[in-house]
Amino acid sequence: MHSSRVFLAATLSLLLAAQGTAQPLNAPMQGSPTLNSPVPGLMNQFQGQQSPSMAQQSPQLQVPQLLPQDNIINRAGSTTEAEAGATAEGPLSEPYRPPGPSRTVFGAQLFLRGAPSASESANPNYRLGPGDRVSVRVWGPVEAEVVGAIDPDGNLFLPSIGPLRLAGVRAGDLQRTVEGEVRRIYTQQVQVYAVLLSASQIGVYVTGFVRTPGRHLGAGSETVLDYLLRAGGVDPVRGSYRDIVVNRGGRSLVRIDLYPFLLQGKLPQLTLQDGDTIVVGRQGAVVSADGAVRNNYLFEVAGRAMGGQELVQLSGPLPAATNAVIRGTRSGQPWSRYVDVAALEKQSLLDQDTITFITDAPAPTVRVFVEGSRIGPSVLVADRDIDLCSLLNHVAVDPALADTSSVFILRKRIAAQQRRAINEALDRLERQLFTATSATTGIAQIRTAEAQLVSNYIQRGRRIEPEGRLVVVDGNGRCARVRLEDGDTIVIPERSDTILVAGEVVTPQAILWRPDMTIDAYVEEAGGYTQRGDSGGIMIRRASGQIILDPRQGPRPGDELIVLPQLGMKGFQIASDLLQMIYQAALAVRYFDLGR
C-alpha cells in the first residue's frame, strides 16, 4: 500500500513538472484587465502610470560566446541572473572564431603568398645602375637610336650626341634626364623617347630567422619584402617582424619595423644593391589579445614591455568591451589582474601576457518575446526592472480572440530547474524501487515485474523536456507583478470554447463547454470512467498552466479535465501468502499426528 502511494505521488509530481508550471510566491495581484477597444493593451488599468521606455527590436544573429557557458542554475559561486555575468563576443564579421588566445602572430599574413618572379617593369623610384638595359630614340633635326646596357662607368653612348650619364637616375626621371641632355646640344625641336627595358639582376643575402636563408636573385628595383618572400618569409615562431636590418659593406644601413607598414603603409625608401644582406632578428616579447577584439593576434613588443595603450590600438577592442583579464608571469609566479579598459591603457605588459577583453556590465534592458494572440511586434525591449503588468500595457490584443486571464510566461531558467527536479525525483524513485525489501516470495516476484515497468517509465521520464512555464495569474485572472527576465516568452492563449477530457476515460476527446455542465457530465460525455478511473482522482489544468487537484467547480472554457489512474494494492497478495503458510503449517502438524 505504501509503495503504491509513493509511486502514485512520484507519477503525479513528474506529471506536474513535465507540464512545466511554476507559480510566484507571495506575488501581489493587480486588478483584472479591462478590454474596451479592439486593440487595447492587456493591462489598461496601468496606463495612467508612468511606464518604462520601450523599444521594438528584431531578432538578430547571436554571436557565440568566446568564454565557457555559465550554468544558468544558481548555486554557490555561480553568476546570478541579476549580475548578468561576464561574456566575450567576437566581431559580427567573424562569428565562428575559436575561443581563447590566438596562435597567429600579427604580420604573418604578409608572407602567405608565394615568392615573386623577377619584375620586368622597374619601380619609378629605382635608381639606374651599370648593367641596366635602356632604349633611347631621338628624331627631328637629328636621328639617333640605341638599345644597350649602362656601362661600368654609368654611361650610355648615344650616336651623334655622345655619352649620357644615367647611373643614379630614378627610373621615373629617365625620360626627362635624356631629353635635357639632348637639348643641350640640339636647341631646335627634337623629339626624345627613353625607357628602361630591364634592370640588371642582383644577389641579396637573406639570413637570420627566415624559413629559407641564403642568397636570392632579383631586381634592384624590388623591395625588402620581395626578398623576404623569396626566403620563405619571417619564421613566425622565432623570427621578428619588428627587427629587420639591411647591411651593406659590413655596416648597418637601415632598420625596418614592419608594423608601421602593416598599419599605415609606411616602408623605408631603399634601393637594394648586389651583395646587400637582410638579417631578420630574434622574436621579441609577445603579447596576446583575444575576446571582444577585432584583431585577435599575438602582437610582438618592440622593446622589453608594451604599454597597454599600444595594445588597445593594435587589437581594436569592440564597443562592447568594458573590462580585460590580464594573465601572465611575474618573478616566476603566475600573475593576473582584472581591470577596465581605461586602467589597461596604463598597464605595462610583458612577454607571454594574455589579455582577454570581455563585457562585464549588466544590460540596462531585457528582451522579451510575445507569442499567441497578439497584435503588433513579437519582440519588446524594456528596462531591466520592468514587471509583467507594466509590460502588458504595451501589448495590443483583440479582446474577442485573446484569453487575457490565462497569460503565462515561459522561462529558460525555470525549465532548467524543472529538468533538475525531474531527474532528482526519478533518481529517488529508482533508489526506492531497487532497494525495497519484500515480506514474502510472492511480493518479491511482483516487485521484480514492477521494477521492469517502472524502469521503462523512468527512461521515458528522463526524455521529458520541461517548458519552464510560470503561472502569473490567479484563479480570477489577475496579473502578478513578477519581474521579467531577459529571454522570457509571454504567451497569450487564444480563447477556446472547448474542454479537453483526457486520462482514464473511455473516449478522450474535446467537448464543447456549457456553463451548466458538471465534472461528472463531462466524464459521461467522454464515455465514462475506465476500470482504473475514479471520481476521487480528477485534476483540472487551466490554460494558464494552473493545476487544481481537488476541483469543487466545473472547468472553464479552454481547461483540461484529466482523470488520474488508481493503482491497485498488493495487500491481497500478502494475505494469500499468509493463508498458504498457515495451511502448510496445519498440514505438517496433522502429518506428525498421524505418524504417532
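**Entry 1: Glu 467 and Arg 469**

I looked up the side chains of Glu 467 and Arg 469 and found that they meet in a salt bridge, 2.9 Å from N to O. The model is a predicted one, and I read the distance as a computed value. I then checked the exposure of both partners. Glu 467 is partly exposed, with a relative accessible area of 32%. Arg 469 has a relative accessibility of 9% and counts as buried, because the cut-off for buried is under 20%.

**Entry 2: other salt bridges**

I asked how many salt bridges the rule gives. The count comes to 26.

I picked out Asp 559 and Arg 542, whose side chains meet in a salt bridge at 2.3 Å, N to O. Asp 559 sits in the loop between β28 (547-548) and β29 (560-565), and Arg 542 in the loop between β27 (533-541) and β28, so the pair ties together parts that are 17 residues apart in sequence. Are these two residues buried or exposed? I found both Asp 559 and Arg 542 buried.

I also noted a network: Arg 411, Arg 413, Glu 485 and Asp 488 are joined into one by salt bridges that share partners.

Next I looked at Asp 173 and Arg 170, and their side chains form a salt bridge of 2.9 Å, N to O. Arg 170 counts as partly exposed, since its relative accessibility is 22%.

**Entry 3: the sheet with β27 and β28**

I went back to the strands that flank the loops of Asp 559 and Arg 542. β27, β28 and β29 belong to an open sheet of five strands, which I wrote down in the order β26-β25-β29-β27-β28, with mixed pairing. Which strands are at the edges? They are β26 (509-512) and β28, each of which pairs on one side only. I followed β28 to its partner and found that β27 and β28 pair in the antiparallel sense over two bridges. For Arg 541, the bridge partner in β28 is Ile 547.

**Entry 4: the β3-β4 hairpin**

I turned to strand β3 (residues 133-139), which runs antiparallel to β4 and is joined to β4 by six bridges. The two strands form a hairpin with four residues between them. In the turn I found Gly 140 with a positive phi of about 125°.

I then sorted the residues of β4 (residues 144-149) by face. Ala 144, Val 146 and Gly 148 make up the covered face. Glu 145, Val 147 and Ala 149 make up the uncovered face.

**Entry 5: Glu 222**

I located Glu 222 in the loop between β9 (214-219) and α3 (224-230). Glu 222 counts as buried, with a relative accessibility of 6%. I looked for a partner of its side chain and found Arg 230: a polar contact of 2.9 Å joins the side chains of Glu 222 and Arg 230.

**Entry 6: Thr 277**

I placed Thr 277 in strand β12 (residues 277-282). Which residues does Thr 277 touch, not counting those up to four places away in sequence? I listed Tyr 205, Thr 207, Val 245, Val 246 and Asn 247. I also took the C-alpha to C-alpha distance from Thr 277 to Gly 249, which is 9.0 Å, while the two residues are 28 apart in sequence.

Terms used
Residues numbered from 1 in each chain as written. Predicted model: local features only at pLDDT ≥ 70, side-chain atom pairs only at ≥ 80, totals over all residues. Heavy atoms only, no water. Contact = heavy atoms within 4.5 Å. Buried < 20%, exposed > 50% of the residue type's maximum accessible area, 1.4 Å probe, protein only. Pairing = 2+ DSSP bridges. Salt bridge = Lys/Arg side-chain N within 4 Å of Asp/Glu carboxyl O. Polar contact = N/O pair within 3.5 Å; in protein donor to acceptor, adjacent residues only side chain to side chain.
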